[in-house]
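Trainee: I would like to learn how to read salt bridges and helix packing from a model. Can we go through one together?

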Amino acid sequence: MFSISYLAQQSMNGVILGCIYALLALGMTVVYGILRLINFAHGALITLGAFFFYFIFFKAGLPFIATIFLLLGFGGVMGIVLDTVAYRKLRGGPEVALLITSLGFYTFIENFMKMLVSPQPYAFKVPQYLVTLHRTSYLTFRTIDIFIIIASILIMLLFHLFVKYSKMGIAMRATSENLEVAEIMGIEINKVISIAFLIGSAIAAFTGFMWGAKYGQISYDMGFLTGVKAFVAVVVGGVGSIPGAMLGGFILGLAEILSIAFLPTTFAEYRDAIVFAILIMVLLVRPSGIMGVKEEVRA
């Protein structure tokens, strides 16, 4: 029989993993909403962000807060570079060309990182005050766990306010509704898309830090499966829906952790299969996702 403290502990672990998936899904769904692009290269930014933090904080010895701001800037710049080099020339062409290009760039970055940092995983550490252990009647957690939850909620809240109330956020929503009409209305499409890549990529790079800080290890290929699961979260929540992407992330994180916690131990190695089983079930019941709407096919 499982105790209340066990249920609370596993639920907290699921929320933390859900925060990571939700942030990644957030960046993916913004780009998809505008370009109808499943940006698999988004997963590579997790890897780049994690190793950027590792070398700047551990090797160069910069202060933690300064490293975080540099990490966000690095991720944003990489997003703009990715958009400019990989996708800008392909806009207006077949969507499958963008998809194949995103897979190609992910593979290129992964192999480049393998050559640069070696195939072996790296131990990832955070400042000592972030690994301080706290114990309550029902929960045991580290400071980094609370940091991940609070930082994730704050980023989601700020992003929601940005999209809903800022001029650029409104332009993003208009562009995602109809790119051609938005261009006729005078919206600078290239600028809007660049900002979408900048924000989404900065968040992805930050997520790389959170992943390393939570699980204590980073590797050159850490972004692929994580990125794919983030895309599953986008589909489960509703493709193109920002609240749906966040909801999908939390559903996936909780389902993945709770299934391991409550199913027999032999099921633990099938945690990835459970995630995709959830995707299939949601699509069978609601093909547009939990909060998605049936979209018009673009000519």
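Trainee: Which side chain does arginine 88 meet in a salt bridge?

Mentor: This is a predicted model, and in it arginine 88 pairs with aspartate 83, at 3.3 Å from N to O. A salt bridge is called when a side-chain nitrogen of Lys or Arg lies within 4 Å of a carboxyl oxygen of Asp or Glu. Aspartate 83 is buried, with a relative accessible area of 0%, whereas arginine 88 is partly exposed at 31%.

Trainee: How many salt bridges does the structure hold?

Mentor: It holds four. Another of them joins aspartate 145 and lysine 214, 3.0 Å apart from N to O. Aspartate 145 belongs to helix 5 (residues 143-165) and lysine 214 to helix 8, so this pair ties together parts that are 69 residues apart in sequence. Aspartate 145 counts as buried at 4% relative accessibility, and lysine 214 is buried too, at 16%.

Trainee: What links Lys229, Glu256 and Asp272?

Mentor: A network of salt bridges. Within it, the side chains of aspartate 272 and lysine 229 meet at 2.6 Å, N to O. Because aspartate 272 lies in helix 11 (residues 271-285) and lysine 229 in helix 9, the pair ties together parts 43 residues apart in sequence. Lysine 229 counts as buried at 5% relative accessibility, while aspartate 272 counts as partly exposed at 27%.

Trainee: Now the packing. What describes two packed helices?

Mentor: The angle between their axes and the distance between the axes. For helix 9 (residues 222-237) and helix 10 (residues 242-262), the angle is about 120 degrees and the axes are 7 Å apart. The two are therefore oblique to each other, and the crossing is right-handed. Lys229 of helix 9 and Glu256 of helix 10 are among the contact residues. By class, this contact has six nonpolar, four polar and two charged residues.

Trainee: At what angle do helix 3 and helix 8 cross?

Mentor: Roughly 135 degrees, with the axes of helix 3 (residues 64-87) and helix 8 (residues 189-215) coming within 7 Å. Angles over 145 degrees would count as roughly antiparallel; helix 3 and helix 8 are therefore oblique to each other. Their crossing is right-handed. The contact includes Gly75, Gly76, Gly79 and Asp83 of helix 3, and Ser201, Ala202 and Ala205 of helix 8.

Trainee: How do the residues of that contact divide by class?

Mentor: Into 14 nonpolar, five polar and one charged. Asp83, listed in the contact, is also the salt-bridge partner of arginine 88.

Conventions. Residues are numbered from 1 along each chain as its sequence is written. This is a predicted model: local features need pLDDT of at least 70, side-chain atom pairs count only at pLDDT 80 or more; totals for chains, interfaces and linings use all residues. Side-chain values use heavy atoms; hydrogens and water are left out. Axes are lines fitted to C-alpha atoms, for helices over the stretch in contact, and angles run from 0 to 180 degrees between N-to-C directions. Helices (H or I, at least four residues) and strands (E, at least two) are DSSP runs, numbered from the N terminus. Angles under 35 degrees count as roughly parallel, over 145 as roughly antiparallel, 65 to 115 as roughly perpendicular and the rest as oblique. A crossing is left-handed if the near helix is turned anticlockwise from the far one by less than a right angle, and right-handed if clockwise. Contact means heavy atoms within 4.5 Å. Ala, Val, Leu, Ile, Met, Phe, Trp, Tyr, Cys and Pro count as nonpolar, Asp, Glu, Lys and Arg as charged, and the others, Gly among them, as polar. Buried means under 20% relative accessible area, exposed over 50%, partly exposed in between (1.4 Å probe, protein chains only).
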